[in-house]
Amino acid sequence: MKNSQHLKAYVQMHPDNKMAWYLLGKEYYKNGQQGKANYCFNQAGEVYEAFEHSKVPADMLKQYEDGLLQSARERQAGRLRKRRVLLALMLLLLLLIPAAVAPGVSQESSEAPDGENAAVALAELPASDEEETPAVQPSLSFTAVGADAVSGGQGLAGILQKAQTPSATAMLSMERAGKWLVWKKKLPLAATLAKSGDGRVVYQSYNPVVCDCQPPDPAEIKKQAGLWQEKQEELAVLWSAMRAYKTGKGALPGSLQELVKPFPANWLGGTTPLMKEEFSPLRGAAAGLAAVPSPSPQPAVTPAAGSPGQGQTSGGSTEAGSGAGGADMPFFTAPLTIIVDKQKHRLAVTSGNIILRNYAVGLGGEKTPEGSFVIRDKVVNPNGRDNGEFGSRGMQLSDSNYAIHGTNEPESIGKDESLGCIRMSRKDVEELFAMVPMGTKVQISKGVLPEELAVPEDRFPSDAPPNQTNPHKVYHWLN
């Protein structure tokens, strides 16, 4: 075990040394710690493949390992010498001024923590029972990443690369469905990152598959995470409405009220207390973003890439703008988009490569057009009724006779019975109306969304003001 401790200390100092990861994995393997061994072998990458599939002389590996161990031992010996000198000075002070000693203070408490027992720093090894777990600091921030990114270390690496790493960050885990990451209520807590007193970043896993440890009680963190998720949904809606307004008007809205004017200027279906509170800082962030020159186009992120965040990026994903977050920025920085899958009978609300909602819808088979559209009119109670053929909400697609709307035939959801429009249940269409602003892009195609629904029990606030009806027009959508 001593060798593994020294090698662990070495990879903490040199996390890019793949040979060190490989040798540490061999030590864990010899000690029967298969999970940690596999983790280290994954970090070793091509070094593991090369040495496991070739006949490298054992004495060559031993010589390299001895060199790493000697380097680690020398650093530890240096730390021990410094600690002994400090301890001697403390004892001398105690002898000279005994009256200053507080009763009940043990000698053990005066020692600096042992570097070998500290939690993992700048290395992505799972914490073990022998490792110390730092308490989560009050200034806790949150992000969400793909579950595969957490286990592979991509999410951790992305956060560490940020210019301003918060003092403590909790990472929530999103499931992957093909190229998509799925945002659900009460995302599981995957890990925390916290800055220790000496400035190192300490990683604590909450995944029992990865961590052979007993993590701290996550109840308080999960409670804060739930509030953070609710806030990010509301900020995503407000952020997307600001962006849509700027695209349509050429400038950002000067006040929140400009987004909820009477029909047909009702960019948003409604506002919340949080939107009122966050409008000014979010507008400032949007103005600052607009002042930065656009970067050169980048190649699209492959489905295997991480989450939005932007570190995954982001807000959560590695796809630019889909979850980047950052100072004064929402987690979902890519505008909300509607994706309709004619094959699966699904309609999703997305930001970058993250699905926030995935509803079941009724369609018209080949009568439902494929292609790109934009939401134009947003109407409460089309044709003056909330129980007519178009239900309580309608959103017209560009300058066409097609719309996303409610229905008085709920049994048609999931089937091809319309004349081309997209039918939704009452709760679903009212939530969608509240979430997506006028100007939202709609993409209709086949085979692009997962089957699994993503519809929370607690819906997004969807009370619409009474001035979003349109009594001056009779709609003849192709229901």
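Are Y475 and W477 buried or exposed? Select both: Y475 is buried, and W477 is buried as well, where buried means under 20% relative accessible area, exposed over 50%, and partly exposed in between (1.4 Å probe, protein chains only). The model is a predicted one, in which local features need pLDDT of at least 70 and side-chain atom pairs count only at pLDDT 80 or more, while totals for chains, interfaces and linings use all residues. Residues are numbered from 1 along each chain as its sequence is written, and side-chain values use heavy atoms, with hydrogens and water left out.

**The whole protein**

The protein has ten helices and 15 strands; helices (H or I, at least four residues) and strands (E, at least two) are DSSP runs, numbered from the N terminus. Of the 479 residues, 47% are buried.

**Aromatic pairs**

Next, select W183 and W228. Rings of Phe, Tyr and Trp (its six-membered ring) pair if their centres lie within 6.5 Å; planes under 30 degrees apart count as stacked, over 60 as edge-to-face and the rest as tilted. By this rule there are nine aromatic pairs. W183 and W228 form a tilted one, with 5.9 Å from centre to centre and 55 degrees between the planes. This pair links distant parts of the chain, 45 residues apart: W183 is in the loop between β3 (180–182) and β4 (189–195), and W228 is in helix α8 (residues 219–249). Both W183 and W228 are buried. Returning to Y475 and W477, their rings also form a tilted pair, at 4.6 Å centre to centre and 35 degrees between the planes.

**Charges over a ring**

Centre the view on F433. A charge sits over a ring if NZ of Lys or CZ of Arg is within 6 Å of the ring centre and within 35 degrees of the ring normal. K378 lies over the face of F433, 4.4 Å from the ring centre. The charged end of R393 also sits over the ring of F433, at 5.4 Å from its centre.

**The nonpolar cores**

A nonpolar core is a set of buried Ala, Val, Leu, Ile, Met, Phe, Trp, Tyr and Cys residues joined through side-chain atoms within 4.5 Å. The largest has 66 residues, and W183, L347 and L432 have the most contacts inside it. Helix α8 gives the largest share of this core, twelve residues. Select L347 to see its neighbours: leaving aside residues up to four places away in sequence, L347 touches, among others, I338, Y359, I404 and L432 (contact means heavy atoms within 4.5 Å). A second, separate core of 15 residues includes V11, L23, Y28 and Y39.

**Backbone features**

Move to F263 and P264, which are joined by a cis peptide bond with omega of about 10 degrees. P264 is in the loop between α8 and α9 (273–291). K186, in the loop between β3 and β4, has a positive phi of about 55 degrees although it is not a glycine. With 78% relative accessibility, K186 is exposed. Finally, select N383 in the loop between β11 (371–380) and β12 (393–397). N383 is not a glycine either, yet has a positive phi of about 60 degrees; at 31% relative accessibility, N383 is partly exposed.
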